[in-house]
Amino acid sequence: MSNILVLGAGVTGLTTAICLLRAGYKNVTVAAKHVPGDLSSAYASPWAGASILTVANYDDYRLQEMDAFTQKEFKRLADEVPEAHVQYVNGIQYCEKPAPEGEDAYWVRKIYNNVTPIPPKDLIPNAAYGYTFQSYTTNVPVYLKYLVKTLESLGGKLERQSFESIQEAIEQYTDIDTVINCTGLGSYYLKDVQDHTMYPIRGQTVLVRAPHIKTQHYIDGDSRWTYIIPRGDGTVICGGTVDRVNRQTEPDDAITKDILESVYKLYPEITHNKGVEAFDIISVNVGFRPGRTGGIRLEKETRRRSNGQKVTLCHNYGHSSHGFQSSWGASDKLVQLLKTERLSKL
């Protein structure tokens, strides 16, 4: 079978490599500038919550399908694989923007368990509607280590490498015949990809110690999100920002203050009703999500080495703020794309 090189070791690259190995491909190597354990604002995966929620629109059936597939895998992990550190977590979702006229505001019941509308009298101010539900969260640093362990247990390899182009990678790895591009924002800069539909989305979050928090909370607004995501180890991610303009890699104190005030207003019990000053802050984090106009790119093409040898190139990037949520579904589609000769795009 093919010798495969996966570029990128975020959640997308690692999950893709695992899916390829499970599908029967034997020789899979992941090569990346950043690997789990690294802390860089350019390496988005470690900064995720991570809540396993859908961010698909009501009419984005492609992403809904990927997210539903991912939910099934996270259910398996929560039920059977404790070392993955995935847990069932109940949630409360408030939405400030009304659902489109004639559409079911609660279509997410196709993906989540136990979706129950919140009565209008119980909504918080400015919320158009809301619901309670059950999904999953994971402790991201532990989960990424689990992915690496799974990759290696299946016979895959992880190497630290950096490339300026796809061509450079296929010339260096002379035995591979397939490349999977999972470089996220790197696809903007790779010399022979230069996908300028990619754009960074700055996210700033605050990690706090709050072991009594067992429920996830969200407010979806037009220009920002407020969220509380328990990680299962006594820590909680509080957020956050969705900023396509700010390129600052260091935390902004004013944004941190705004996040904590918004989170406290949403759920004062997070500090036992003792005020914003009572947050037990562990760290303030900044990462850049790999946004892409048009959504996830799942495409296949042919490249050639300088000696004329043909190399298959598949792309799986552009997961924006839903890298974990769509990881298994997008990777499963990537395997379908690679296996099916007549397909060039999914």
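**Helices and aromatic contacts in a predicted model**

The model is predicted, so local features need pLDDT of at least 70 and side-chain atom pairs count only at pLDDT 80 or more, while totals for chains, interfaces and linings use all residues. Residues are numbered from 1 along each chain as its sequence is written, and side-chain values use heavy atoms, without hydrogens and water.

Helices (H or I, at least four residues) are DSSP runs numbered from the N terminus. Helix α2 covers residues 61–80 and reaches 29 Å from its first C-alpha to its last, close to the expected 28 Å (1.5 Å times one less than the number of residues). Helix α7, residues 327–339, reaches 18 Å, close to the 18 Å expected. Of the 13 residues of α7, 10 are buried, including Trp 328, Lys 333 and Leu 338.

Aromatic rings of Phe, Tyr and Trp (its six-membered ring) pair if their centres lie within 6.5 Å; planes under 30 degrees apart count as stacked, over 60 as edge-to-face and the rest as tilted. The count is 10 aromatic pairs. One of them, Tyr 143 with Tyr 146, is tilted, at 6.0 Å centre to centre and 35° between the planes. These two residues are separated by about one helical turn because they are three residues apart in helix α3. Tyr 143 is buried at 0% relative accessible area, and Tyr 146 is buried at 9%. One aromatic cluster is formed by Tyr 106, Tyr 112, Tyr 129, Tyr 131 and Phe 133.

Technical notes
Buried means under 20% relative accessible area, exposed over 50%, partly exposed in between (1.4 Å probe, protein chains only).
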